Amino acid sequence: MDDGLRVTDRWVVPAGELRERFSRSSGPGGQGVNTADSRVELSYDVANSPAVPEWLRSRALARLANRLVDGVLTIAASEHRAQLANREAARARMTALLREAAAPPPPARRATRPSRGAKERRLAEKKRQSQRKRDRRADDD
C-alpha cells in the first residue's frame, strides 16, 4: 500500500500526495458495522500536483471537471466489509479514472456523405412505407 499509483508509463502518483480518510460504512459489516471505520475516501489534488506532467494537466482537469472540487478528485469506496479491501478498490477506481482522463482524444471524425444508391434505397423505402399506410386507410369517400 505504500507505493504510488501508476497511471501511465510517464505518470506515477506518489503515495505521499494521496490522502485517505476513513469513516463508518453504510454497507455490509456484520456485528462490527457500527464500530469499524471501513469506508475509505481517497483524495488527490490533480490541479496542484507536481507529479502531473504539464502537458497532461489541462486535459485531465478538463475531463475531470465535473468530479473535481477545488482541483481535488475524491473517490469513496464502501462496498467491502474490510477497510483494506475498500482501500484497494478506491485506489483501483482512482487509477482507472486518471488513466481515462489522461488518454489521448479520439481521432476526429471524417465527414462522409451517403452514396447515391443509399439515398435512392432510403427514398424507395419511404415510398413503400407510405403506400403501405395508404393501403391501410379506410376510404370513407
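This is a predicted model: local features need pLDDT of at least 70, side-chain atom pairs count only at pLDDT 80 or more; totals for chains, interfaces and linings use all residues.
Strand 5 and strand 6 (residues 72-77) run antiparallel and are joined by two bridges. Between strand 5 and strand 6 comes a loop, and Asp 70 lies in it. The phi of Asp 70 is near 55°, a positive value in a residue that is not glycine. Most residues other than glycine have a negative phi. Is Asp 70 buried or exposed? Asp 70 counts as exposed, because its relative accessibility is 75%, and the cut-off for exposed is over 50%.

Now widen the view. The sheet is open and has four strands, in the order 3-4-6-5, with antiparallel pairing. Its edge strands are strand 3 (18-23) and strand 5 (68-69), each of which pairs on one side only. Strands of a sheet pair through backbone hydrogen bonds, either parallel or antiparallel.

How many bridges pair strand 3 with strand 4? There are six, in the antiparallel sense. Here Arg 19 stands opposite Ser 43 of strand 4. Strand 4 and strand 6 also pair in the antiparallel sense, over six bridges. Tyr 44 stands opposite Leu 73 in strand 6.

Why is strand 4 described as largely enclosed by the rest of the structure? Five of its seven residues are buried, so the rest of the structure largely encloses strand 4.

Helix 2 (residues 83-102) lies across strand 3, strand 4 (39-45) and strand 6. Its direction is at about 140° to strand 6.

The largest nonpolar core has 25 residues. Which of them touch the most other members? They are Trp 11, Tyr 44 and Leu 98. Strand 4, helix 1 (54-63), strand 6 and helix 2 are the elements that give two or more residues to this core. Helix 2 gives the largest share, seven residues.

Take a closer look at Trp 11. Leaving aside residues up to four places away in sequence, Trp 11 touches Leu 5, Arg 6, Tyr 44, Ala 51, Val 52, Pro 53, Leu 56, Leu 98 and Ala 102.

Which residues of helix 1 are buried? Leu 56, Arg 57 and Ala 60 are. They cover an arc of only 110° around the axis, so they sit on the same side of helix 1. Helix 2 is among the parts that cover these buried residues. The face turned away from the buried side carries exposed residues: Glu 54, Trp 55, Ser 58 and Ala 62.

**Salt bridges**

Side chains of opposite charge can pair when their charged atoms come close. This structure holds eight salt bridges.

| Glu 20 | Arg 91 | 3.9 Å |

Start with Glu 20 and Arg 91, whose closest N and O atoms are 3.9 Å apart. Glu 20 lies in strand 3 and Arg 91 lies in helix 2, so this pair ties together parts that are 71 residues apart in sequence. Glu 20 counts as partly exposed, at 27% relative accessibility. Arg 91 counts as buried, at 10%.

Next come Arg 57 and Glu 54. Both lie in helix 1, three residues apart, which is about one turn of the helix. Arg 57 counts as buried because its relative accessibility is 11%, and buried means under 20%. Glu 54 counts as exposed, at 58%.

Glu 79 lies in the loop between strand 6 and helix 2, and Arg 93 lies in helix 2, so the pair ties together parts that are 14 residues apart in sequence. Glu 79 is partly exposed, with a relative accessible area of 41%. Arg 93 also counts as partly exposed, at 34%.

How values were computed:
Residues are numbered from 1 along each chain as its sequence is written. Side-chain values use heavy atoms; hydrogens and water are left out. Two strands pair if DSSP finds at least two bridges between them. Contact means heavy atoms within 4.5 Å. Axes are lines fitted to C-alpha atoms, for helices over the stretch in contact, and angles run from 0 to 180 degrees between N-to-C directions. A nonpolar core is a set of buried Ala, Val, Leu, Ile, Met, Phe, Trp, Tyr and Cys residues joined through side-chain atoms within 4.5 Å. Buried means under 20% relative accessible area, exposed over 50%, partly exposed in between (1.4 Å probe, protein chains only). A salt bridge is a side-chain nitrogen of Lys or Arg within 4 Å of a carboxyl oxygen of Asp or Glu. The arc is that of the directions from the helix axis to the C-beta atoms.
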